[in-house]
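My entries follow the order of the search.

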Amino acid sequence: MAAKFDLVVVGGSFAGLACARTAALRGLKVAVLDGKSEPGARVRTTGILVKEATEDCDLPADLMRKVRGVRLYAPDGRALDLHAPGYYFQATDTAGLLRWMATEAERAGAKLMYGRRFEGATEDRFGVSLPALDLHTQFLIGADGARSHVAQFFGLGRNRRFLAGAEIECEPLPGLDARFLHCFADSKIAAGYIGWAVPGLGMTQIGVASVRGRKPQLSQLFARVATTSGGDSVRVVERRSGLIPTGGPVEPLGRGRVMLIGDAAGLVSPVTGGGIHTALHFGRRAAQLVGEYLYDRGGHPLEAFAREIPRYRLKRVLRRVLDLAPPNALIDAMLMTAPLRALAQRLYFHRRSGDPASFEAWQEDFERGNMEPQPPSRGGELRCI
Ligand SMILES: Cc1cc2nc3c(=O)[nH]c(=O)nc-3n(C[C@H](O)[C@H](O)[C@H](O)COP(=O)(O)OP(=O)(O)OC[C@H]3O[C@@H](n4cnc5c(N)ncnc54)[C@H](O)[C@@H]3O)c2cc1C
């Protein structure tokens with residue numbers, strides 16, 4: 001007889017594991033399927049977390065490193081330093097974080113089934129059967145990423161617009177200022193997006209993403225980063241690539257006893273390409289809604305879910321503009337102007353203002369323990385390098 005579950009989650013990454021843990025803590029009998037051999041295998045992401053992600057979900061500090069500033073480079077080499085007092089990003093040991101999340105989900109009671117792929121299902125009045133795996137579930141959640149098989153199989157909405165990303169992980173570059181995320185706006189290297197170099201936990205990640213059809217130029221970026229950091233030979237530890245959905249939430253997000261979350265649902269910022277925070281937040285939220293539906297006669301989870309998720313209306317418009325990949329001469333002319341600096345500040349730090357003193361001065365103050373609040377300002381600090 002098929003093993004019976006309340007909830008089967010397809011995909012054991014950020015969205016799926018967050019969902020499974022919350023559902024299990026709420027008393028649901030949960031299983032997670034993932035085609036990978038183990039949690040944290042074949043990571044496809046840079047894994048940077050925005051501050052809000054660590055406020056929403058309690059994650060272990062020893063798997064993260066705070067990075068407080070963004071250094072944004074124009075194609076001609078000038079750079080703009082951006083930051084906002086009190087704000088930070090977290091570079092992560094991403095594989096370690098996913099292993100930790102898997103352990104937490106398991107400890108909460110979820111059954112983890114790695115090395116098992118979703119291939120197809122049959123639906124009945126009481127839920128969904130997965131005959132190949134001999135499972136039956138009252139509800140099925142697709143957390144299986146940008147090219148969701150669950151979405152395809154059940155005829156749900158699918159991501160149609162993407163950025164293509166490629167990244168290497170290498171030994172630390174000592175000359176790369178570890179206080180910053182280094183971001184490179186350059187249409188020849190990263191048409192429609194940016195290149196990045198992240199001094200992480202015991203390694204450096206160098207990556208680039210472009211609109212599809214324009215190859216991300218990882219080796220050109222690597223040469224630029226090497227010039228910037230004064231290093232020329234590094235040992236590459238790992239290479240990875242993946243697709244980033246940029247079209248916003250898919251339609252429909254689910255039907256009957258099936259629903260999508262995370263990248264599968266298109267919950268990724270079309271401008272920044274960040275999707276981990278929404279994967280965690282709405283992974284947990286989906287679990288709460290499914291629990292209420294199955295056990296408290298709550299409304300169908302899709303109703304509240306569709307109401308609560310971000311629609312990214314403005315960011316989708318901005319994405320269309322960025323997809324045009326403005327020529328480098330235009331980026332050089334525009335990037336350091338006050339309106340563009342203000343826009344960059346807003347995109348990286350949301351509504352927070354930078355401080356009028358330079359990042360260096362702010363950091364000195366911070367390290368001296370000066371807790372006086374800083375007056376707000378509108379833009380970042382321009383450096384010529
Ligand atoms: C190069 C790159 C860099 C990025 N950098 C960042 C960043 O720094 N910060 C950020 O916030 N976002 C970043 N993103 C986006 C972020 O990685 C995603 O938004 C996030 O991983 C989404 O989590 P998820 O759980 O929805 O899906 P995923 O992390 O894609 O996980 C999907 C899971 O489903 C499994 N799966 C797929 N098909 C099946 C199947 N048929 N059966 C069983 N299992 C299956 C996969 O093995 C995988 O484990 C980046 C993306 C890319 C490509």
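The entries below take the ligand, the cavity and the backbone in turn.

**Entry 1: the model.** I note at the outset that this is a predicted model.

**Entry 2: the ligand shell.** I asked which residues come nearest to the ligand. The shell holds 31 residues, and the nearest of them are Ser-13, Asp-34, Ile-48, Phe-118 and Asp-263. I then sorted the shell by class and found 13 polar, 11 nonpolar and seven charged residues.

Entry 3: Thr-45 places a polar side-chain atom 2.9 Å from a ligand oxygen. Gly-35 and Gly-47 take part through the backbone: a polar backbone atom of Gly-35 is 3.2 Å from a ligand nitrogen, and a polar backbone atom of Gly-47 is 3.4 Å from a ligand oxygen. I also recorded the burial: the ligand on its own exposes 1,000 Å², of which the protein buries 88%.

Entry 4: Which element gives the most to the shell around the ligand? I found β16 in that place, with three residues. The elements that supply at least two residues each are α1 (14-25), β2 (30-34), β16 (236-245) and α6 (276-295). At the level of domains, the shell takes at least three residues from domain 1 (3-61 + 92-160 + 247-315) and at least three from domain 2 (62-91 + 162-245 + 324-383).

**Entry 5: the cavity.** I searched the whole structure for cavities of 30 Å³ or more and found one. The volume of the largest cavity is about 30 Å³. Its lining consists of Leu-33, Arg-117, Phe-118, Glu-119, Gly-120, Leu-130, Pro-131, Ala-132 and Leu-133. By class, I count six nonpolar, two charged and one polar residue in this lining.

**Entry 6: the backbone.** I keep in mind that most peptide bonds are trans and that most residues other than glycine have a negative phi. The bond between Glu-251 and Pro-252 is cis, with omega about -10°. I place Pro-252 in the loop between β16 and β17 (254-255). Arg-42, which is not a glycine, has a positive phi of about 45°. Arg-42 sits in the loop between β2 and β3 (49-50).

Notes
Residues numbered from 1 in each chain as written. Predicted model: local features only at pLDDT ≥ 70, side-chain atom pairs only at ≥ 80, totals over all residues. Heavy atoms only, no water. Near = heavy atom within 4 Å. Polar contact = N/O pair within 3.5 Å; in protein donor to acceptor, adjacent residues only side chain to side chain. Areas by Shrake-Rupley, 256 points an atom, 1.4 Å probe, with all protein chains shown as cover. Helix = DSSP H or I, 4+ residues; strand = E, 2+ residues; numbered from the N terminus. Nonpolar A, V, L, I, M, F, W, Y, C, P; charged D, E, K, R; others polar. Domains from an automatic or database assignment. 1 Å grid on protein atoms, 1.4 Å probe; cavity = no way out; pocket = protein on both sides within 12 Å on 5 of 7 lines; lining within 4 Å. Points joined across faces, edges and corners; volume = space filled by probe spheres on them.
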